[in-house]
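Subject: Structure handover

Hello,

Here is the structure you are taking over. Please open it first and keep it beside you while you read the notes below.

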Amino acid sequence: MATGTQEQSALVVAAHGRRGLLECGDGRQKPYMVKGRKLRVVCGDRVLWSQPGDGDVALVTKICQRDNTLKRPSPRDGRAEILAANLTQMAIVIAPLPEPDLFIVDRYLCAAELMGCRAILIFNKSDMKSKPDTGSDDYQAIGYGIVAVSARTGQGLDLLIRAMDSQIAILVGQSGVGKSSLINALVPGSAVAVGEVSGATSEGIHTTTASIMHTLPSGGRLIDTPGVRDFIPHIDDSRHVQAGFREILALADECRFADCQHLREPDCAVKRAVESGTVSMRRYESYKRLLRSVQASPPNA
Ligand SMILES: Nc1nc2c(ncn2[C@@H]2O[C@H](COP(=O)(O)OP(=O)(O)OP(=O)(O)O)[C@@H](O)[C@H]2O)c(=O)[nH]1
Ligand SMILES: [Mg+2]
Ligand SMILES: [Zn+2]
C-alpha cells in the first residue's frame, strides 16, 4: 500500500469531473480525486497517484503521456475537450430507431481516422423489422467492418465480443441506439441505466452521466461516455478533414494541386471518382459538409 508521496501508476476506469475510479496493477479499483485545478483526467488515462494519509481516496498527481485522444469542441467555449484517451478502437452503433444520421457516423469515422484507431460499425436492434438506410454498402466498400447485433435477443453478440477482443474501445452513437443496452448484454452485472426511446419523438433520454470503462469477460475494454451522442470532431485545421475520409485521402495524391480541397479545383481525382461512382456521393457530401463547418467556425486551440 502506497503512503505519503510514493507514487504508483493506474488506469482510469471511471471519470466524472474531478473524481472517479482507478484500476490498480493488481486489478483492484480505488476512488480518486484529482490534485490541483489544471489536470483533466479522462477514462483510459494512465495516471500516477499517491495516498495522502490513511483515507482510501487516491490523489491523482500526473497524467502519463497519451497515445491518442478523442476530442470535440467544448459546447461551452469551443476549446478542445478530451472525452477519452489511449483508444485502439471506435465502435459506432447505429439502429433502425432513432433513424440513422449518417453524417454523424461519418464524423465519428473521421475522428477515428484522425486519432489513428480502428473503427467498426455495430448495427444494433436487428430484431426490429424496419430496415432504414444504414449506408452499409458504402462503409463495406471502404473496408470498415460491420456487425449486426441485437442487445435484446443476443443475436450477433458472439461476433461483437470477438471484434472487441483485447481492444480498448469507445462505444459511440446517437442517443437511444442502445449503447448502454449493449454494455448490459456484454458485461454481466454492469447494470448501466437504460433509457426509453419516446414513441412521440424517437429521442432517447440521456441516462448516462459519467464516463465508464467496462471490462468484457474476454478481456476487451469498452468505454460508455455521454459526450459522444451529438459528436463533432475537434479539427484545428480544415486541411486535415480529408484525412478523416480514407477513400478521399487515398486519391488526394492524384489531384493536380497538392493542396486540393476537392471542391471546385480543376483536375481533381476525388471529384472524378465521385462522378464515376467509385467514391460514394453521400460520403463526399459528408466530407464537404464537415469541411464547411470547420472552415466556418474553427475551434479554439
Ligand atoms: N428492439 C430493440 N430495442 C433495443 C435494443 N437495444 C436497446 N434497445 C432499446 O433502445 C432504447 C435505448 O437504449 P439505451 O441502451 O438506453 O441507448 P443509449 O445509446 O445508451 O442512449 P443514451 O444513453 O441516451 O446515449 C431502450 O428502450 C432499449 O430497451 C435492441 O437490440 N432491440
Ligand atoms: Mg446510455
Ligand atoms: Zn482534389
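Is His262 buried or exposed? His262 is buried, because its relative accessibility is 0%. Buried here means under 20% relative accessible area, exposed means over 50%, and partly exposed is in between, with a 1.4 Å probe and protein chains only.

Before the rest, some ground rules. This is a predicted model, in which local features need pLDDT of at least 70 and side-chain atom pairs count only at pLDDT 80 or more, while totals for chains, interfaces and linings use all residues. Residues are numbered from 1 along each chain as its sequence is written, chains are lettered from A and ligands numbered from 1 in the order in which they are written, and side-chain values use heavy atoms, with hydrogens and water left out.

The zinc site

His262 belongs to the set of residues that hold the zinc ion (ligand 3): the protein donors are Cys255 (SG), Cys260 (SG), His262 (ND1) and Cys268 (SG), at 2.1 to 2.4 Å from the ion. A donor is an N, O or S atom within 2.8 Å of the metal (3.2 Å for Na, K and Ca); water is not among the atoms, so sites may look incomplete. Along the sequence, the donor residues of this zinc ion follow the spacing C-x4-C-x1-H-x5-C.

The arrangement around the zinc ion (ligand 3) is tetrahedral because the four donor atoms subtend angles of 102 to 116 degrees. For four donors, tetrahedral requires all angles to lie between 85 and 135 degrees. Cys268, one of the donors, is buried, with a relative accessible area of 4%.

Two helix pairs

Helices (H or I, at least four residues) and strands (E, at least two) are DSSP runs, numbered from the N terminus. Axes are lines fitted to C-alpha atoms, for helices over the stretch in contact, and angles run from 0 to 180 degrees between N-to-C directions.

Take H3 (residues 157–164) and H4 (residues 179–186) to begin with: their axes come within 11 Å and cross at roughly 90 degrees. H3 and H4 are therefore roughly perpendicular, a term that covers angles of 65 to 115 degrees. On the H3 side the contact (heavy atoms within 4.5 Å) is made by Leu157, Leu160 and Ile161, and on the H4 side by Leu182, Ala185 and Leu186. By type, the residues of this H3 and H4 contact are six nonpolar, no polar and no charged. In this count, Ala, Val, Leu, Ile, Met, Phe, Trp, Tyr, Cys and Pro are nonpolar, Asp, Glu, Lys and Arg are charged, and the others, Gly among them, are polar.

Then there are H1 (residues 102–115) and H7 (residues 281–296), which pack at an angle of about 70 degrees with axes 10 Å apart. H1 and H7 are therefore also roughly perpendicular. From H1, Leu102, Phe103, Asp106, Arg107, Leu109 and Cys110 meet Arg282, Arg283, Ser286, Arg289 and Leu290 of H7. The residues of the H1 and H7 contact comprise five nonpolar, one polar and five charged.

Two residues of H4

Leu186 sits in H4 and is buried, at 4% relative accessibility. Leaving aside neighbours within four places in sequence, Leu186 is in contact with Leu157, Leu160, Ile161, Leu216, Pro217 and Leu222.

Not counting residues up to four places away in sequence, Ala185 touches Ala151 and Leu157.

Points in the loops

Which peptide bond is cis? The bond from Leu97 to Pro98 is cis, with omega near -5 degrees, and Pro98 lies in the loop between strand E8 (89–94) and H1.

Asn86 has a positive phi of about 60 degrees although it is not a glycine. Asn86 is in the loop between strand E7 (80–85) and E8, and Asn86 is buried, with a relative accessible area of 5%.

Lys125 likewise has a positive phi, near 60 degrees, and is a residue other than glycine. The loop that holds Lys125 runs between strand E9 (118–123) and helix H2 (136–141). Lys125 counts as buried at 16% relative accessibility.

Ser238 lies in the loop between strand E13 (221–224) and helix H5 (246–252) and is buried at 18% relative accessibility. Setting aside neighbours within four places in sequence, Ser238 is in contact with Gln261, Leu291, Val294 and Gln295.

Regards

Conventions: Four donors count as tetrahedral if all angles lie between 85 and 135 degrees; four count as square planar and six as octahedral if opposite donors are over 155 degrees apart and all others between 65 and 115; anything else is irregular. Angles under 35 degrees count as roughly parallel, over 145 as roughly antiparallel, 65 to 115 as roughly perpendicular and the rest as oblique.
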